[in-house]
Amino acid sequence: MKQPVSLFIMDVTNSSDESHWIELSNYLQQWENHISNWCNDTIPFIVSHRRGDEILFIGKYLFSAYTVAYTIRQHWKYDNHKPYFGLSYGFIDEDIERIDIEIWNHPLIKKAKKASENIKTDKKRKRNMLFGAEEQKDVINKTDIINLLLENQQALLENQSENQKLIYSLYSIFNEQKKIAQLLNKTQATISTHYKRGKCELLNENYDKIQKILGCYGSAEYAAVKEILLAIDSLNSSIQKNLEENLTQIYPDL
């Protein structure tokens, strides 16, 4: 029986900077550990930190790689060494747990590599996440639509101030103005203003829609859709809980 999977290859910009490569490598190791904690007991997955500046992730369901990639992007701390993600999704015959990730060369890997290379060579860097292109059978397909949503998402994030970025990130953990106001020693009104001006609600809606578009693709049966929506909620909850438990490591200045 074919399994729905998604994957990403994550690289880091300017990772060859000799003054930071050890620090970056250690930071990526932390993210590998976070990913493992998010996915344990929620979805079958494989994650591997490779060659110093790369993380490869494979997870069950078509939404999982996007979910993990977006979370890393949202909470990443190095502005001069931003991550970018080549992604792909599809169906495989193997069980994820039996894949030897070091030699597995499925077409989905090649598609993600191509997407990553397209990001790297794009001088405008309009996206830091890109799904590998499908074979063009229609004028526009689902991957084209998702990639456009990712581009819009990137534009919204890039237009946020530093305060808006921080508040948006903390909202993904606490979803509560009062708690964030206490953490940042600001009024709830100030938090609310930054949240609105940073288009955080629109970003949340965008994130939710991409997850569901990916997750429910090819699942017309009600039971299958219900399972996928529960899996989305389970992974989101696990990530939120882990981020809160590791807040001081991810945000040491708070």
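This is a predicted model: local features need pLDDT of at least 70, side-chain atom pairs count only at pLDDT 80 or more; totals for chains, interfaces and linings use all residues.

I took helices (H or I, at least four residues) and strands (E, at least two) as DSSP runs, numbered from the N terminus, and two strands as paired if DSSP finds at least two bridges between them. S1 and S4 run antiparallel and are joined by ten bridges. From S4 the chain crosses through helix H3 (residues 107–121) to S5, and I noted this β-α-β crossover as left-handed; right-handed would mean that, with the strands pointing away from the viewer, the path from the first strand over the helix to the second runs clockwise.

Residues are numbered from 1 along each chain as its sequence is written, and side-chain values use heavy atoms, with hydrogens and water left out.

Next I followed S4 to its other partner, S5, to which three bridges join it in parallel; glycine 86 stands opposite leucine 130 in S5. Nine of the ten residues of S4 (residues 83–92) are buried, so the strand is largely enclosed by the rest of the structure; buried means under 20% relative accessible area, exposed over 50% and partly exposed in between, with a 1.4 Å probe and protein chains only.

I then wrote down the whole sheet: five strands in the order S2-S3-S1-S4-S5, open and of mixed pairing. Its edge strands, each pairing on one side only, are S2 (45–50) and S5 (129–131). The twist averages 15° from one strand to the next, where axes are lines fitted to C-alpha atoms, for helices over the stretch in contact, and angles run from 0 to 180 degrees between N-to-C directions. Helix H1 (residues 21–39) lies across S1, S2 and S3, and I noted that it runs at about 175° to S2; contact means heavy atoms within 4.5 Å.

Last, I looked up the chain totals. The chain holds ten helices and five strands, and 49% of its 254 residues count as buried. Its C-alpha atoms fill a box of roughly 55 × 50 × 40 Å, taken along the principal axes.
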